[in-house]
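Hi everyone, thanks for making time. Have a look at the structure, and then I'll walk you through a few spots in it.

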Amino acid sequence: MLLEALGSALLGLVLAAVAAHRLAHRLPARSLVLATGVSGALFGAFVTHSALGAGSILLNLIGAVVVSAASLSLLLRPAGRLRRRSAPA
């Protein structure tokens with residue numbers, strides 16, 4: 001179980017580092033992105049481990065990556081400037 005947690009934390013860190021590198025203009029501070037990736041992966045591994053049990057390490061890691069990616073997607077900002085138009089009177 002310790003290796004599962006370390007593996008999922010490492011996967012979350014790698015996923016967050018790749019996202020921070022490729023989408024730096026759309027994400028907040030790098031430290032927040034890295035922390036969100038790791039914590040999302042640990043939470044995903046916990047939820048998957050609780051649902052499926054200890055026998056499926058690969059599925060637990062997949063669950064960790066999915067929840068980590070979902071957590072990181074919540075940090076994304078819009079690509080362009082938002083244009084606010086007033087409604088015609």
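Let's start with Leu 61, which touches Glu 4, Gly 7, Ser 8 and Leu 11, leaving aside residues up to four places away in sequence; contact here means heavy atoms within 4.5 Å. This is a predicted model, where local features need pLDDT of at least 70, side-chain atom pairs count only at pLDDT 80 or more, and totals for chains, interfaces and linings use all residues. Residues are numbered from 1 along each chain as its sequence is written, and side-chain values use heavy atoms, with hydrogens and water left out.

Leu 61 sits in helix α3, helices being DSSP runs of H or I with at least four residues, numbered from the N terminus. The C-alpha atoms of Leu 61 and Ala 5 are 8.9 Å apart, although 56 residues separate them along the chain. Is Leu 61 buried, partly exposed or exposed? It counts as partly exposed, because its relative accessibility is 22%; buried means under 20% relative accessible area, exposed over 50%, and partly exposed in between (1.4 Å probe, protein chains only).

Now to α2, residues 30-52. Its buried residues are Val 33, Thr 36, Gly 37, Gly 40, Ala 41, Gly 44, Ala 45 and Thr 48. What covers them? The cover includes α1 and α3.

So how do α1 and α2 pack? Their angle is about 145°, with axes 8 Å apart; axes are lines fitted to C-alpha atoms over the stretch in contact, and angles run from 0 to 180 degrees between N-to-C directions. Among the residues making that contact are Gly 12 of α1 and Gly 37 of α2.

Last stop: Gly 53 follows α2, and its phi is positive, near 95°.

Notes. Helix = DSSP H or I, 4+ residues; strand = E, 2+ residues; numbered from the N terminus.
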